[in-house]
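Hi,

Here is the structure I promised to pass on to you. Have a look at it first, and then read on for what turned up.

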Amino acid sequence: RLPSRVTIYEVGPRDGLQNESTVLPVTIKAEFVARLVDAGHTVVEATSFVHPKWVPQMADAEELWRMIDLTPGVRYPVLVPNSRGLRRALDLGVRDVAVFGSVTETFSRRNLNRTVDESLEMFAPVVADAREGGLGVRGYLSMCFGDPWEGEVPVSRVLEVATRMWRLGCTELSLGDTIGVATPGRVSAVLDALITSGIPVGSIAVHFHDTYGQALANTLTALHKGVTTIDASAGGLGGCPYAGSATGNLATEDLLWHLHGLGIETGIDLRKMVDTSVWLAHHLGRSSPSRTVTALAG
Ligand code: HMG
Ligand code: MG
């Protein structure tokens, strides 16, 4: 049975813009966030409090945060890799954060300069302090469905790292297909393993990149397993600066077309999203890769 309502966790301003070669002016980023909320989004991942040398696109995190006109009832999570990042976020009054780990060693080193064990040690005080402050804490797990350097990733490995992140106290886990290689059978196997282990399905989100055009098939598989939080990025922006082969996330508009066609409510206005992605494409100087945006634009 499919859920009647799904929460779209919008990652455009973060996962989307972190990988665009054009660094947008902060005023455009703030308008982007405002447009997403106006379209009906209730979760908009706004930015990252990471090292500016590692991700220069997110160097304006503080400035952007101060420009966002926070709407009651909307969550604006930010990425924080370590206690330094959490401190920066707390100083601004952020209420939702995300730590981001990897199930594979290679990506962990490339993205965080840490082994998986070291990254979990780094996250432990971040999650504990954030929870103590009453914040929501998402735990991302990258490379759950395949890794560009290590190839196939055993389901048992995903389960192991997911369990450790969950035990740290994360309130939600997001399973990342960082390079977009997942197919439905694999999605099914990973979700079955996590759900059987006792991680509540209501606390599991899926994060698909669309490199091989499988993101919607994978999403439908996850919906059938009971997942009700789906990550997506406006216009299909994005990728990951530390995983070269990744293309953009599942486009929010393609996801909306899919969900609304199934009669699943999202509370988000597709027309406003298309207009936003067309507007943003103009500022980025490249057209949106989303099929739905292309079909409905103009
Ligand atoms: P490091 O070089 O090991 O850092 O990087 P360090 O702890 O050794 O500290 C070195 C210096 O950086 C120190 O300054 C720190 O204060 C400073 P110094 O004392 O030398 O002057 N520093 C910071 N400055 C600002 N903000 C901070 C911060 N932390 C330390 N938070 C580090 C380790 C984690 C910082 C670095 O590797 C990093 O910033 N990585 C971020 C990578 C990233 O953002 N990747 C993209 C997001 S993940 C993703 O896209 C995947 C996802 O979408 C899911 C999926 O698709 O799979 C989520
Ligand atoms: Mg991603």
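**What I found**

Of the 298 residues in the protein chain, 50% count as buried. Please keep in mind that this is a predicted model.

Starting with the overall fold, the protein chain has 12 helices and 8 strands. Its radius of gyration is 17 Å, close to the 19 Å that the globule rule gives for 298 residues, so the chain is as compact as a globular protein of that length. Along the principal axes, the C-alpha atoms fill a box of roughly 50 × 45 × 35 Å. Taking contacts between residues at least 6 apart in sequence, 73% join residues at least 24 apart.

Next, the inside. The largest nonpolar core has 84 residues, of which Val80, Val97, Leu141 and Cys144 touch the most other members. Helix H6 (residues 116-132) supplies the largest share of this core, with 6 residues. Leaving aside neighbours within four places in sequence, Leu141 is in contact with residues including Gly101, Val103, Val158, Met165, Leu173 and Gly176.

Gly176 also turns up around the ligand. There are 24 residues around ligand 1, and those that come nearest are Val50, Gly85, Ser142, Gly176 and Thr178. Helix H1 (12-18), helix H4 (83-91), helix H5 (105-112) and strand E5 (136-142) are the elements that each give two or more residues to this shell. Sorted by class, the shell holds 11 nonpolar, 11 polar and 2 charged residues.

Happy to go through any of this with you.

Best wishes

How values were computed
Residues are numbered from 1 along each chain as its sequence is written. Chains are lettered from A and ligands numbered from 1 in the order in which they are written. This is a predicted model: local features need pLDDT of at least 70, side-chain atom pairs count only at pLDDT 80 or more; totals for chains, interfaces and linings use all residues. Helices (H or I, at least four residues) and strands (E, at least two) are DSSP runs, numbered from the N terminus. The radius of gyration is taken over C-alpha atoms; the globule rule is 2.2 Å times the number of residues to the power 0.38. A residue is buried if 20 or more other C-beta atoms lie within 10 Å of its own, exposed if 12 or fewer, and partly exposed in between; C-beta atoms are placed from the backbone. Two residues are in contact if their C-beta atoms, placed from the backbone, lie within 7 Å. A residue is near a molecule or strand if its C-beta atom, placed from the backbone, lies within 6 Å of it. Ala, Val, Leu, Ile, Met, Phe, Trp, Tyr, Cys and Pro count as nonpolar, Asp, Glu, Lys and Arg as charged, and the others, Gly among them, as polar. A nonpolar core is a set of buried Ala, Val, Leu, Ile, Met, Phe, Trp, Tyr and Cys residues joined through C-beta atoms within 7 Å.
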